[in-house]
Amino acid sequence: TSSINEYLAPLEELASQNKITIHKKIINQDVLINDELLGIMIVNLVKNAIVYTTDKNVYIETTILDNDYIFTVKNKGKIAEEDLEKIFESFYRSDNVKIDKNGSGLGLFIVKQICEIYKYQYKIFNDNGFVTAKVNIKIKK
């Protein structure tokens with residue numbers, strides 16, 4: 001399995017260009033997901049956090065709970081409640097987003113598609129001033 005850190009390397013470059021610090025707590029673990037799809041999922045979630053953070057920090061953490069490897073990305077900010085249920089739709093972009101953010105509105109839709117292939121749980125929610133994205137991935141036995 002490719003390590004999550006390999007997928008994060010180009011994102012750390014993007015973050016540093018934007019003077020954003022990525023704080024990581026990564027547990028290396030073999031998981032049940034195609035490497036390429038895992039990479040696409042991680043890139044989309046982390047890139048969103050880098051683009052939309054309202055301070056200069058993005059937090060990436062992995063935890064293990066039972067047979068699940070939980071990949072979490074957090075950034076300062078808030079998503080309007082009416083947008084939360086729509087953000088996984090294709091081409092959806094919140095009206096509340098600053099116009100200078102470039103994007104296709106496909107990143108989270110792609111994350112959703114990957115999660116649905118594997119029947120993995122995924123969610124994004126507001127949590128005490130942070131936007132938190134979580135994906136539960138099964139651990140390889």
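**Aromatic contacts in the predicted model**

At 23% relative accessibility, Tyr-122 counts as partly exposed (buried is under 20% relative accessible area, exposed over 50%, partly exposed in between, with a 1.4 Å probe and protein chains only). This is a predicted model, in which local features need pLDDT of at least 70 and side-chain atom pairs count only at pLDDT 80 or more, while totals for chains, interfaces and linings use all residues. Residues are numbered from 1 along each chain as its sequence is written, and side-chain values use heavy atoms, with hydrogens and water left out.

The structure holds 3 aromatic pairs; rings of Phe, Tyr and Trp (its six-membered ring) pair if their centres lie within 6.5 Å, and planes under 30 degrees apart count as stacked, over 60 as edge-to-face and the rest as tilted. One of them joins Tyr-59 and Phe-130 edge-to-face, at 6.0 Å centre to centre and 80° between the planes. Tyr-59 belongs to strand β2 (residues 57-65) and Phe-130 to strand β5 (residues 130-138), so this pair ties together parts 71 residues apart in sequence. Helices (H or I, at least four residues) and strands (E, at least two) are DSSP runs, numbered from the N terminus.

Tyr-59 is partly exposed, at 31% relative accessible area, whereas Phe-130 is buried at 18%. Tyr-122 is also part of an aromatic pair: with Phe-88 it is edge-to-face, 4.7 Å centre to centre and 70° between the planes. Phe-88 lies in the loop between α3 (81-84) and α4 (107-118) and Tyr-122 in strand β4 (residues 122-127), so the pair links parts 34 residues apart in sequence. Phe-88 is buried, with 11% relative accessibility.
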